[in-house]
Amino acid sequence: MARHRRGVLAALAAAASLALLAACGGGGGDGGSGSGRTTLVVKTFGQFGYDELYKKYEAAHPGVTVKEENIAKLGDYAPKLQQWMATGRGAGDVVALEEGILTQFKADPGKFVNLLDYGAGSLKGNFLDWKWQQALTTDGKDLIGLGTDVGAQGMCYRTDLFKKAGLPTDRDQVGALWPTWDAYLATGERFTKAGTGAHFFDSSGSIYKNILIQQGDHTYYDTSNKLVMESNPGVKAAWDQTVRMITAGLSGNILSYSPQWNAGFKKGTFATIPCPSWMLGTIEKQAGPENAGKWDVAKVPGAGGVNGGSFLAVPKQSKHQKQAADLVKYLTAAQGQTAAFQAKGNFPSSPQAIDSPAVQGYTAPYFGNAPVGKIFGESVKALKPLYLGPQNNPINDEVTNALIAVEQGKLSPDAAWKKAVGDAKRLVQ
């Protein structure tokens with residue numbers, strides 16, 4: 001699940017609801033409840049868009065009640081989840097795992113039910129290949145979770161600033177400006193020379209992350225969980241390319257989610273920003289109604305992109321493992337993912353859901369009716385499986401902090417790189 005969620009569409013049509021029930025009904029079990037009724041507790045963060053799905057599941061499974069316990073912020077949810085798993089109590093029957101959390105638990109899969117034991121292996125084709133691989137242990141023997149959403153990536157841009165800089169504003173023509181990240185850098189240099197008074201992008205962190213995920217099949221770790229940050233040429237290549245953009249003056253050095261960053265959407269402080277599907281709501285909120293139509297969405301440079309995404313898993317501590325696994329399969333089925341997208345805009349990880357008319361036909365009115373369902377779908381389907389490793393997110397935070405130090409002139413690129421490598425090594429000790 002991405003850090004910020006957005007409500008975008010109305011509820012499911014009646015036909016879609018019936019299809020979902022037909023596709024996902026059945027299963028369950030008595031769950032060991034003496035009263036004949038079982039309550040399945042689902043722990044989530046943010047907004048997963050499951051309220052209507054729970055009702056439909058209960059209707060199709062007499063004797064089962066689904067209770068969601070939600071913590072709004074991922075930063076508050078993650079430490080609680082760690083505590084539940086460490087103590088063996090409190091996790092309920094189903095837990096949401098953000099991709100960064102999942103990588104930490106893959107080293108100790110015994111805390112979770114192996115969903116392959118409950119028939120999940122036959123569902124592999126219902127998920128993007130790289131999404132499926134993320135939840136599979138390296139030996140292929142355990143599947144910790146099934147994918148929910150992905151932070152499908154596009155590139156949001158200000159049409160008024162592009163016009164002022166003498167650049168095209170049509171989204172297809174804009175996307176054609178940057179088939180690669182080198183071309184994105186060159187476009188940024190053109191924009192900067194035009195003297196619009198705005199920076200080309202907000203800050204380096206999201207740029208770096210997008211470049212990094214296109215550099216190979218692993219990043220900071222190899223598949224044996226050995227730290228290879230310093231020896232993996234793809235990591236250094238992403239770093240160097242980002243530094244070149246900073247050196248060219250393209251970055252606004254505006255920290256994400258800071259007051260300056262929020263205001264930047266309204267004021268036009270920066271012209272582009274890599275935008276996951278869940279960020280569209282943030283941009284619309286911060287930019288305000290007076291800027292409707294000024295922001296648009298084009299394809300991201302290179303071979304697709306993603307930022308964020310989650311899974312549903314069943315803790316071993318659940319007393320209703322079979323029913324919980326059944327519920328996970330139901331919620332993450334293509335129809336369930338489509339319903340969640342319609343409810344909260346969470347972009348699916350299922351190719352069938354991505355290709356559905358409800359997703360492919362979705363346009364964003366605030367963004368000039370950009371066909372974001374199509375743009376985001378092409379972005380995530382172009383990605384290849386990427387192995388992350390246990391401390392991927394903390395290491396990435398250290399790299400981002402080092403890039404910020406370069407942006408602020410506090411460290412030279414070489415010194416910042418050495419610091420990032422050193423910090424990563426200390427994290428894995």
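Me: Before we start, what should I keep in mind about the model and its numbering?

Reply: Residues count from 1 along each chain as its sequence is written, and side-chain values use heavy atoms, with hydrogens and water left out. The model is predicted, so local features need pLDDT of at least 70 and side-chain atom pairs count only at pLDDT 80 or more, while totals for chains, interfaces and linings use all residues.

Me: Okay. Which cysteines does a disulfide join here?

Reply: A disulfide is a pair of cysteine sulfur atoms within 2.5 Å. The count here is 1 disulfide, and it joins Cys-156 to Cys-275, S to S 2.2 Å. Cys-156 lies in strand 4 (residues 145–158) and Cys-275 in strand 6 (residues 270–276), so the pair ties together parts 119 residues apart in sequence. Strands (E, at least two residues) and helices (H or I, at least four) are DSSP runs, numbered from the N terminus.

Me: And what is the handedness of that disulfide?

Reply: The torsion about the S-S bond of Cys-156 and Cys-275 is about 90°, so the disulfide is right-handed.

Me: Are those two cysteines buried or exposed?

Reply: Buried means under 20% relative accessible area, exposed over 50%, and partly exposed in between (1.4 Å probe, protein chains only). Cys-156 is buried at 0% relative accessibility, and Cys-275 is buried at 0% too. Strand 6 is mostly covered, with 7 of its 7 residues buried.

Me: Which strands pair with strand 6?

Reply: Two strands pair if DSSP finds at least two bridges between them. Strand 4 runs antiparallel to strand 6, with 5 bridges joining them. Strand 5 (residues 199–201) pairs with strand 6 in the parallel sense, over 2 bridges. Take Thr-272 in strand 6: Thr-272 is the bridge partner of Tyr-157 and also of Phe-201.

Me: Let's move to a loop. Where is Thr-196?

Reply: Thr-196 sits in the loop between helix 8 (181–193) and strand 5. Thr-196 is buried, with a relative accessible area of 10%.

Me: What does Thr-196 touch?

Reply: Contact means heavy atoms within 4.5 Å. Leaving out residues up to four places away in sequence, Thr-196 touches Leu-161, Lys-164, Ala-165 and Phe-191. Its side chain also reaches the backbone nitrogen of Ala-198 at 3.2 Å.

Me: Last one: which residues of helix 2 are buried?

Reply: In helix 2 (residues 51–60), they are Leu-53, Tyr-54, Lys-56 and Tyr-57. On the other side of helix 2, Asp-51, Lys-55 and Ala-59 are exposed.

Terms used:
Polar contact = N/O pair within 3.5 Å; in protein donor to acceptor, adjacent residues only side chain to side chain.
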